[in-house]
Amino acid sequence: MLNLPHADVVGSLIRPPDLLAAREEFSAGRILPAAFKRAEDAAVDSAVAAQEEAGLEILTDGEMRRLSFQSQMPEAVAGFGEFDIDAFLWGDWQGDEQVGDARTERPATLGVVGRLQRKRHLSAEEFTYLRGRTSRIVKVTLPSPSLFANFWSPVKSAGAYPTLDAFLADVAQIVREEIAELIRLGANYIQLDAPHYPLVLDPAWAAFYESQGWSAEDWIAQGVELDNAVMDGFSEVMFAVHL
């Protein structure tokens, strides 16, 4: 068990303009994968330098290789269907007087459409690159399985997964396999991201989860059960949970 310091970055850092531009160019087919990887590497290097300069003893890669903190799952796994950044940002958001409020509709195309099949590992590249750039403790962030209830649709997903439970069970298995691979590569500190749990305090979000077939209380209980299932037996790893 690690004797960890008491402060580290939750995960994401602000993507630099060069990386955002490179992602746009890559998505449009105007640069090759190698050029995009160089932009990602440079952004990670800058994130490492900033955290080390701040005196942090635990580092992440700033999640620079991800569209969103949770996007490495649908990017690495077939079956999720069509998605974009709005898959992770839809909803009603309240800001201060300077930022203001915003509303993004849930994308009409969102919904898992096939049985999940891993195309590549979710975070192995992130870990191995970061480990080679610092001598400090490295943390890898992975999504809590129930975070992906958002991707299940009773209409679009029924052919592959008739129930939300069946879908999330496969998500949990993929996360568990990823943890095993990260341990094989030397990881010893892994964070599960579960910022969706506090959302059930909002009546609108509680109603959404209930529309997926679970009460708010069952939603939390079954989500925690899935988290425990993916962590079970990995005693050599320190786990953290991001709420």
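## Strand pairing and helix packing in a predicted model

In strand β8, the bridge partner of T141 is Q191.

Strand β7 covers residues 140-143 and β8 covers residues 189-193. The two strands pair in the parallel sense, over four bridges. On its other pairing, β8 joins β9 in the parallel sense over five bridges. I190 has F239 as its bridge partner in β9.

Together these strands form an open sheet of three, in the order β7-β8-β9, with parallel pairing. The edges are β7 and β9 (238-242), each of which pairs on one side only. From one strand to the next, the twist averages 30 degrees.

Which way do the residues of β7 point? V140 and L142 point one way from the strand, and T141 and P143 point the other way. All of these β7 residues are buried.

Helix α5 spans residues 124-131, and its buried residues are A124, E126, F127, Y129 and L130. What covers these buried residues includes the helices α2 (33-53) and α6, together with the strands β1 (58-59), β6 (137-138) and β7. The edge strand β7 is thus named among the elements that cover α5.

**Two helix pairs**

Helix α6 (residues 164-185) packs with helix α8 (residues 216-231), and α6 also packs with α5. Two packed helices are described by the angle between their axes and the distance between the axes. The table gives these values for both pairs.

| Helix pair | Angle between axes | Distance between axes |
|---|---|---|
| α6 and α8 | about 30 degrees | 8 Å |
| α5 and α6 | about 20 degrees | 10 Å |

Why are α6 and α8 described as roughly parallel to each other? Their angle is about 30 degrees, and angles under 35 degrees count as roughly parallel, so α6 and α8 are placed in that class. The angle of about 20 degrees for α5 and α6 is read by the cut-off of under 35 degrees, and α5 and α6 are therefore roughly parallel to each other.

The crossing of α6 and α8 is right-handed. On the α6 side, the contact is made by L164, D165, L168, A172, V175, R176 and I179. The α8 side contributes W219, Q222, L226, A229, V230 and M231. By class, the residues of this contact of α6 with α8 are ten nonpolar, one polar and two charged.

α5 also passes α6 in a right-handed crossing. Here A124, F127, T128 and R131 of α5 meet E178, L182 and L185 of α6. The contact of α5 with α6 has four nonpolar, one polar and two charged residues. A124 and F127, which take part in this contact, are among the buried residues of α5.

**F26 in helix α1**

F26 lies in helix α1, which covers residues 17-27.

Leaving aside neighbours within four places in sequence, F26 is in contact with I31, L32, P33 and F36. K37 is eleven residues from F26 along the chain, and the C-alpha atoms of F26 and K37 are separated by 9.9 Å.

Definitions and conventions: Residues numbered from 1 in each chain as written. Predicted model: local features only at pLDDT ≥ 70, side-chain atom pairs only at ≥ 80, totals over all residues. Heavy atoms only, no water. Axes fitted to C-alpha atoms, helices over the stretch in contact; angles between N-to-C directions. Parallel < 35°, antiparallel > 145°, perpendicular 65-115°, else oblique. Left-handed = near helix turned anticlockwise from the far one by under 90°. Contact = heavy atoms within 4.5 Å. Nonpolar A, V, L, I, M, F, W, Y, C, P; charged D, E, K, R; others polar. Buried < 20%, exposed > 50% of the residue type's maximum accessible area, 1.4 Å probe, protein only. Pairing = 2+ DSSP bridges.
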